[in-house]
Amino acid sequence: MSKPKIYITKRIPSEVLQYLEQYCDCRMWDGQGTPSRQGLLDELGSVEGLLTTGGPVNQELLDHAPKLRAVSSISVGYNHFDLEAMRARGVVGTHTPYVLDDTVADLVLGLMLSSARRITELDAFVKEGNWRKGAGLSEEDFFGMDVHHAKLGIIGMGRIGEAIARRAVHGFGMELLYYNRSRRPEAEEKYGAQYCGLETVLRESDFVVLMTPLSPKTERYIRKEHFAMMKPTAFFINASRGQTVDEAALIEALQTGQIRGAGLDVFEVEPVQPDNPLLRMPNVVTMPHIGSATAKTRFDMAMLAAQNLVAALTGGRPPHVVKELQSLVE
Ligand SMILES: O=CC(=O)O
C-alpha cells in the first residue's frame, strides 16, 4: 500500500523527519520560516496530512486539499483551526500539550522578574554607559517591585497555569488567586490557590498572568474596564495569545499609569509592528512569541506532532486530538 502524502510547513529536526518518512511520503518546505499562503495552498492538491505551526486551517485551505484527513499543529494553541469547517469535512486536528508546560512557565516567571525588577530596562541603561559617577542618579532610581511573597493572579488555570503556580508558590512564596472556567481543586490543595471571580483577581493581584487559550469566547477578553480594576502598582503578563487582550486598552492603561508595567510574549499583530507604542515603553518587557522556544521542548513538540499525524493517518488513535474534534476519532 502506498504511503499517505504529507506536507510539512517548516523545517523540522532530521530525527523527526526520519520517523515520519517510515510511514508517510513527506514533502517539507525548505526555505526560511514557512511558505507564503499561496505557496502552501499550491502544495495541498494531493496531500492527506499537514504538519504545521500556524496559519489558518480554514475553508479556503480545505478547498485546496480535497484529500486532507488530518492536520497536526506543532503548538498547544489551535486558534488557527476553523473547528466547524474541519468537523464538517471530517478533518482531524491535533496539537502538542504537556511537553511545553514547564518551558512556558519558566518564561512567564522571567517576564514577571524582568518587568518587576526592571531587568531589561536597567540592562540597556548599563550597556549604554549611563551607570557612572556624577550622573545625578539616586538609589531610588533603580528600585523595582518584589516578586517574592507578592500576590499572583492567574487567569486560565490549565496545565501551564499550574506550572506557573508551582514555581510562584514553592519558589517565591507567592500568594495565589486564580480564575478559571471551572474550579481546580488539586491546584487549590497543592498551592493554596484561592478561586475567585475575575474581578477579584484583577483588583487584588500584584501580578496578573493571562494564560487563557484564544477562542471566539476569549477574544479581547481583557479590556479597558478590566485594566481599570487593577492596582496602579500591578504588572500584567500575557503569554497566551495577543488577541485575548484589547491591546489599545492595555497601551492606554500603561500610558496613563493605571498599571505599572507589563511582560508580553504575544501581540495582537505578530510580528509586532515597529510603530507599536508598547515597544517604546521602558516598563514593558517584550518577547517575540517564544514561550516554548528551547531546543529540547521544540524537538519534543515536533516529535509529538509527528506521532499525532502518523496515528491519524494510519488508523491509530492520535494521542492529542483537540477536544472539539474528538468525536471524529471515536
Ligand atoms: O504559542 C505557542 C503554542 O501554542 O504552542
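Okay, a definition before we start: when I give an angle between two helices, the axes are lines fitted to C-alpha atoms over the stretch in contact, and the angle is taken between N-to-C directions, anywhere from 0 to 180 degrees. And keep in mind that this is a predicted model.

So, the helix pair I want to show you is H1, residues 14-23, and H12, residues 295-313. Their axes sit 9 Å apart and the packing angle is about 5°. Anything under 35 degrees counts as roughly parallel, so H1 runs roughly parallel to H12.

Who's making the contact? On the H1 side you've got Glu15, Val16, Tyr19, Leu20 and Tyr23. H12 brings in Phe299, Ala302, Met303, Ala306, Gln307 and Val310. Sort those by class and the H1–H12 contact comes out as 9 nonpolar residues, 1 polar and 1 charged.

On H12, take alanine 302. Is alanine 302 buried or exposed? Its relative accessibility is 3%, and the cut-off for buried is under 20%, so alanine 302 counts as buried. Leaving out anything up to four places away in sequence, alanine 302 touches Pro13, Val16 and Ile74. Look at that isoleucine 74 on the screen: along the chain, isoleucine 74 and alanine 302 are 228 residues apart, yet 5.7 Å separates their C-alpha atoms.

Skipping neighbours within four places in sequence, leucine 20 is in contact with Ile6, Ile8, Ile12, Cys26, Leu51, Ala306 and Val310.

Leucine 20 also turns up when we look at the nonpolar cores. The largest core has 76 residues, and Leu20 is among those with the most contacts inside it, along with Met112, Leu152 and Ile164. Which helix gives this core its largest share? That's H12, with 9 residues. There's also a second, separate core of 28 residues, and Leu202, Leu250, Ile259 and Leu278 are included in that one.

Last bit, the annotations. The UniProt record, an unreviewed entry, puts "D-isomer specific 2-hydroxyacid dehydrogenase catalytic" on residues 6-323. In the model, that span is 37% helix and 14% strand, with its end C-alpha atoms 23 Å apart. The unreviewed entry also annotates a domain called "D-isomer specific 2-hydroxyacid dehydrogenase NAD-binding", covering residues 109-291. Here the model gives 33% helix and 15% strand, and the end C-alpha atoms lie 11 Å apart.

That's my tour, thanks.

Conventions:
Residues numbered from 1 in each chain as written. Predicted model: local features only at pLDDT ≥ 70, side-chain atom pairs only at ≥ 80, totals over all residues. Heavy atoms only, no water. Helix = DSSP H or I, 4+ residues; strand = E, 2+ residues; numbered from the N terminus. Parallel < 35°, antiparallel > 145°, perpendicular 65-115°, else oblique. Contact = heavy atoms within 4.5 Å. Nonpolar A, V, L, I, M, F, W, Y, C, P; charged D, E, K, R; others polar. UniProt positions renumbered as here; feature names shortened; annotations may be inferred. Core = buried A, V, L, I, M, F, W, Y, C linked by side-chain atoms within 4.5 Å. Buried < 20%, exposed > 50% of the residue type's maximum accessible area, 1.4 Å probe, protein only.
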